[in-house]
Amino acid sequence: MDTAPGPGNDVFDFDGDYGEGYEALARQVIPGYRTFFPMFTAIIEPDLPPHGRVLVVGAGTGIELIALKRARPDLRLHGVDPSEQMLRIAERRVADAGLESGVSYQLGYTRDVPPTPRFDAATLINVLHFVPDNGAKAALLHDIARRLRPGAVFVLFDLHGDPGSEEHERYMPAWRRYWRIRGMTQEEIAAFDERIRHGIHFAPPGRVLELARDAGFTDPQRFFKGMLYGGWTFRRAGG
Ligand SMILES: C[S@@+](CC[C@H](N)C(=O)[O-])C[C@H]1O[C@@H](n2cnc3c(N)ncnc32)[C@H](O)[C@@H]1O
């Protein structure tokens with residue numbers, strides 16, 4: 001049990017229309033979307049051994065794969081995603097960029113990835129917020145931790161928040177204004193707001209840290225905060 005039914009969930013259907021226009025929308029609504037990927041790559045690069053293996057969970061349209069491979073052509077990347085449509089786009093984009101050597105793909109969930117050999121790093125970017133906190137977020141983080149060697153670096157980025165809290169009520173309306181400033185029509189804003197309301201499983205940052213710790217991750221370093229988005233690096237505990 002590591003997700004709601006389907007790739008994403010029934011509100012954000014990555015095998016349907018949402019997946020098709022995903023990247024344009026992501027650039028419009030996620031603060032720093034374009035620069036986030038080279039930024040996290042720069043942060044973790046010293047932790048990636050020569051020819052290191054990186055597990056990219058929720059590889060989507062391939063933006064992590066491209067950022068990592070551009071910076072470090074020696075890396076071996078494994079992208080896993082339950083959406084066939086998203087994986088196909090990723091495969092095509094990686095090939096178009098001439099970066100396909102050492103990149104593999106798996107249609108499915110993290111639990112389907114062989115547990116050995118263990119990876120040197122993993123990313124989980126814009127995924128965990130689609131997964132309910134009913135044991136499913138915990139299961140996904142455990143599935144990733146089990147596939148990492150001790151000391152491996154783990155990058156986590158998604159939406160966090162505590163609906164009703166002062167901070168959430170300040171940034172949620174600000175985020176809606178951001179969508180307008182970034183060019184969404186009132187109709188698009190209303191429709192996207194509905195999707196967020198029903199399809200995003202917000203967890204407060206403290207809860208995310210607790211889930212990560214329980215899954216076996218240590219040394220949380222917050223390297224990004226943009227309204228309700230947050231990013232940390234962790235290390236796989238053990239030694
Ligand atoms: C919003 S996209 C993010 C793609 C990419 N990481 C990015 O930031 O652009 C979310 C992706 O996660 C995938 N996904 C949804 N649930 C998942 C799960 N439990 N495990 C792995 N991937 C999942 C979806 O199919 C989709 O491709």
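Aspartate 81 puts a side-chain N or O atom 2.6 Å from an oxygen atom of the ligand, a polar contact in the sense of N or O atoms paired within 3.5 Å. The model is predicted, with local features needing pLDDT of at least 70 and side-chain atom pairs pLDDT 80 or more, while totals for chains, interfaces and linings use all residues. Residues are numbered from 1 along each chain as its sequence is written, and side-chain values use heavy atoms, leaving out hydrogens and water.

Tyrosine 22 does something along those lines too, with a side-chain N or O atom 2.9 Å from a ligand oxygen. Isoleucine 125 uses its backbone instead: an N or O atom there sits 2.9 Å from a ligand nitrogen. The protein buries 99% of the 600 Å² that the ligand exposes when taken alone (Shrake-Rupley areas, 1.4 Å probe). The shell holds 22 residues, each with a heavy atom within 4 Å of the ligand. By class, 13 are nonpolar, six polar and three charged.

Strand E2 (76-81) runs parallel to E3, with five bridges between them; pairing takes at least two DSSP bridges. The whole sheet is open and mixed, its seven strands ordered E3-E2-E1-E4-E5-E7-E6. Strands E3 (103-107) and E6 (217-226) are the edges, each with a single partner, so one side of each has no neighbour in the sheet.

Methods:
Polar contact = N/O pair within 3.5 Å; in protein donor to acceptor, adjacent residues only side chain to side chain. Nonpolar A, V, L, I, M, F, W, Y, C, P; charged D, E, K, R; others polar. Helix = DSSP H or I, 4+ residues; strand = E, 2+ residues; numbered from the N terminus.
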